[in-house]
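Dear colleague,

Please find below the structure that I am handing over to you. My notes on it follow directly after.

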Amino acid sequence: LFVKLFVRQIGELDRNLMSTMLVKHALILVTMDDHRREIPDGGLFIRDGFIEQVGPTDELPGEADEVLDLSGHILLPGLINTHHHFYQTLTRAVPAAQDANLFNWLKTLYPIWGRMKPEDIRISTRTALAELALSGCTTASDHLYIYPNGARLDDEIHAAAEVGLRLHASRGSMSLGESKGGLPPDAVVEDETFILKDSQRLIEQYHDPSPGATVQVVLAPCSPFSVTPELMRQSAALAREYGVHLHTHLAETQDEEEFCVQKFGYRPVAYMELLNWVGQDVWFAHSVYVNETEIKLYAGTGCGVAHCPSSNMRLASGIMPLVEMLQAGVKVGLGVDGSASNDGSHMLGEARQALLASRVRAGMLGASRSGESAPPILTARQALEVATRGSAAVLGRSDLGALAPGKCADFFAINLNRLEFSGALHDPVAAMVFCAPVQADTTVVGGKFVVKAGELVTLDLPRQVEAHNRAARRLVMEL
Ligand code: ZN
């Protein structure tokens, strides 16, 4: 508790030193506020990391301690990533796992991941967050569920603080090894008593429920095929005792559905209901294989979903019924998923994939429903909404996801005068999703620059890439 208080005091001291920032003359400011306003010549007035005013530049105060002129830029709320496995940036495009489905992909990679050391967690966290920041992301949730050779979630939390993005650190876990009928080898699973003790320690040490929090802790047993029902129940009870969120992979593939039906006698969503794993404080990654009744259950109970279209396509898992979920009122956010199944952490790119995947799905459904009106598709603005407001709702963050008074000063900006957007400036907002994904010129988190003039300011990127490649080589070649 003392450590936590101390960390918070340092945080407050830091904020008090910051004072005001004026952001002005954005060609277009996308607020994602309750009225979805898009403001020409827009700007923000920021005090101590929070937005005080939003509007046309001529209605904002004329001065501030720091002034950022965004002439010729589009200004958007920071994108929020709701599902990732940072450590997998070390195992992108591994030859033996390039063309495998989920279960075979996992079985190929588990032993490689089992060789990671604490330093590998720190290196991969920096890389993933650097990539995210450069793609307009300001908050990321990460799901770390493998802790070999003394690695801890603390390694990730400390490395994330260096980069400067907000982190929802999920204390993942695996306890159902091969010998008990699970998928992972016994060597990479943990003891359940220890998992719960460590989860409690992490919540007490790092979880900050206050507005503007930089770190929140989430409890996240990995998946139905790698943990026991008992650990799921105990994790839920512990999370509710402390008021932290719950997260897991669910209904990702047909293999998983068959596993649940055979081993537990339930479809994945019914299994979650049985374990008390539904509610406002729960979100699931994927949910590709959910039926109409299950979508209604998500909407009715407040369960959120992290939509990871690239990963679902990469592993040939399928396409999530995104539009159906939005129409039913399900909270849906966007996730890039782990970098061994994407294999990149580009949030704008992922918004584009969500849009395109929804249209492939609509085309397939439309073809099988001849005579009826065409199924609905996702628009560019809806894709951006899922990546901002939608993701914030999924993570339970009412202080994020929109540029509005009282919200955190988390945003990114892109210079529109570039090759990729040439000929698309009739609608710069839609161009963000339709055109080829580009990197952010500016990314600001809580009023502080993480990316400035297109460069990451918190890390020496060439050195980071070199260290990351060295670590990846050692893991994958060390056989
Ligand atoms: Zn995942």
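A nonpolar core is here a set of buried Ala, Val, Leu, Ile, Met, Phe, Trp, Tyr and Cys residues joined through side-chain atoms within 4.5 Å. The model is a predicted one, and its largest core of this kind has 127 residues. Trp105, Trp113, Tyr298 and Met432 are the residues with the most contacts inside this core. Helix 2 makes the greatest contribution to the core, with 8 residues.

Trp113 leads on to the aromatic residues. Its contacts, leaving aside neighbours within four places in sequence, are Tyr87, Gln88, Thr91, Trp105, Leu106, Tyr145, Ile146, Pro148 and Ala340. Several of these names return in a cluster that ring pairs form from Tyr87, Trp105, Tyr110, Trp113 and Tyr145.

The structure holds 9 aromatic pairs. In one of them, the ring centres of Tyr87 and Tyr145 are 5.9 Å apart and the planes stand at 85 degrees, so this pair is edge-to-face. Because Tyr87 belongs to the loop between strand 6 (79–81) and helix 2 (102–113), and Tyr145 to the loop between strand 7 (137–144) and helix 4 (153–163), the pair ties together parts that are 58 residues apart in sequence. Both Tyr87 and Tyr145 are buried.

The charged end of Arg171 sits over the ring of Tyr147, 4.2 Å from the ring centre. For Lys452, the charged end sits over the ring of Phe449, at 4.4 Å from the centre.

Helix 9 (residues 292–301) deserves a separate paragraph. Which of its residues are buried, and which are exposed? Glu294, Ile295, Leu297 and Tyr298 are buried. These four cover an arc of only 155 degrees around the axis, and therefore lie on the same side of helix 9. The other side of the helix carries the exposed residues Glu292, Thr293, Lys296 and Gly300. Strand 10 (246–250), helix 8 (268–274), strand 11 (282–286), strand 12 (304–307) and helix 11 (322–328) are the elements against which the buried residues of helix 9 pack. Tyr298, on the buried side, is also one of the residues with the most contacts inside the largest core.

As to the ends of this helix, a side-chain oxygen of Asn291 reaches to within 3.2 Å of the backbone nitrogen of Thr293 at its start. Gly302 follows helix 9 and has a positive phi, near 90 degrees.

With kind regards

Key. Residues numbered from 1 in each chain as written. Predicted model: local features only at pLDDT ≥ 70, side-chain atom pairs only at ≥ 80, totals over all residues. Heavy atoms only, no water. Phe/Tyr/Trp six-rings, centres within 6.5 Å; stacked < 30°, edge-to-face > 60°. Helix = DSSP H or I, 4+ residues; strand = E, 2+ residues; numbered from the N terminus. Buried < 20%, exposed > 50% of the residue type's maximum accessible area, 1.4 Å probe, protein only. Lys NZ or Arg CZ within 6 Å of the ring centre and 35° of its normal. Arc of directions from axis to C-beta. Contact = heavy atoms within 4.5 Å. Polar contact = N/O pair within 3.5 Å; in protein donor to acceptor, adjacent residues only side chain to side chain.
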